[in-house]
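Here is a short report on one helix pair and one set of paired strands. Keep the structure open while reading.

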Amino acid sequence: MSKSKKKSGRKYHAKRLVKPALLFLMWIQLIGLAGFLMFVQQQNPQPVANFYTGPTNHSVPSLKPDYNIPPVTNGLAPVVSNIPTNEKVVFLGIDDGAYKQPFELKLLRAKHIKASLFLADSFIEDNPDYFKGYIAAGSLIEDHTVDHAYLDELPYEQQRQEICNAADRYQQLYGRRPVLMRPPGGFYNEDTQRAAADCGMKAVVMWIAKANGGSMQYQYDNTGLHPGDIVLMHFRPEFKQDLQAFIDAQNAAGLHTELLENWLQ
Ligand SMILES: [Zn+2]
């Protein structure tokens, strides 16, 4: 091989090395950048929010949500009355909102209980701001229709309006759109499930027990509360007695009240 050919061969070889070398350098820089970003993230951890709880951080450090809610199937939102879970948790929903007694929020705060509040718009329109205190204390506002209508008696379109209009309004009022709905009186049909899904609801939420008239009433048996049960209560004059009945049942079963939305991963 002549000298000149050798030289040009080397040049050619060197040229071939330039591109991989540049790529290698870029790669190193990217790793450095990723490391830096991870470091920054660790220094400033962002609140963990999930789709169901909205922008607020409601995460539970000591408990592990272990349930995936069934998806909307054939256009129908799933119906849930308890959540299969291995954790010792129970969930509380408080309905309606017609009675607004300031001691109720103080009581929930004192007992460290957060609940899903299924409010009917016509019941709260005289003072919607009243419920902002509950949100500040970690509870969430969910959908219980506009007029507290018995949905199974209404055609689909009216059901849809009852559910969607309440959700739209709560989004406006409270900055978070409900993701769960509870049919007033527990009356629903397939149109309700379809309307709920069409309004963006992830589930129609029923209950397995209720705190009512100062005592617990169980839907299916009298063996007390079990992990994952959803309990119904109302904003009523006997709120204090109902809450106490619920807390006694919770304690007797060795359970802890968690926010239902936290479990819906
Ligand atoms: Zn109701």
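## Handedness of a crossing

The model described here is predicted.

## The H5–H6 pair

Helix H5 covers residues 156-174, and helix H6 covers residues 190-198. They pack with their axes 9 Å apart, at an angle of about 45°.

Which residues of H5 and H6 make the contact? H5 supplies Tyr156, Gln159, Arg160 and Ile163. From H6 come Asp191, Thr192, Arg194, Ala195, Ala196 and Asp198. By type, the residues of this contact divide into four charged, four nonpolar and two polar.

Strand S7 spans residues 209-212, and strand S8 spans residues 215-218. The two pair in the antiparallel sense, over four bridges. Lysine 210 stands opposite glutamine 217 in S8.

S7 and S8 form a hairpin, with two residues between them. In the turn, glycine 213 has a positive phi of about 60°.

## S7 and S9

S7 also pairs with strand S9, residues 230-234. These strands run parallel and are joined by two bridges. What stands opposite lysine 210 in S9? It is leucine 232.

Conventions. Residues numbered from 1 in each chain as written. Predicted model: local features only at pLDDT ≥ 70, side-chain atom pairs only at ≥ 80, totals over all residues. Axes fitted to C-alpha atoms, helices over the stretch in contact; angles between N-to-C directions. Contact = placed C-beta atoms within 7 Å. Nonpolar A, V, L, I, M, F, W, Y, C, P; charged D, E, K, R; others polar. Pairing = 2+ DSSP bridges.
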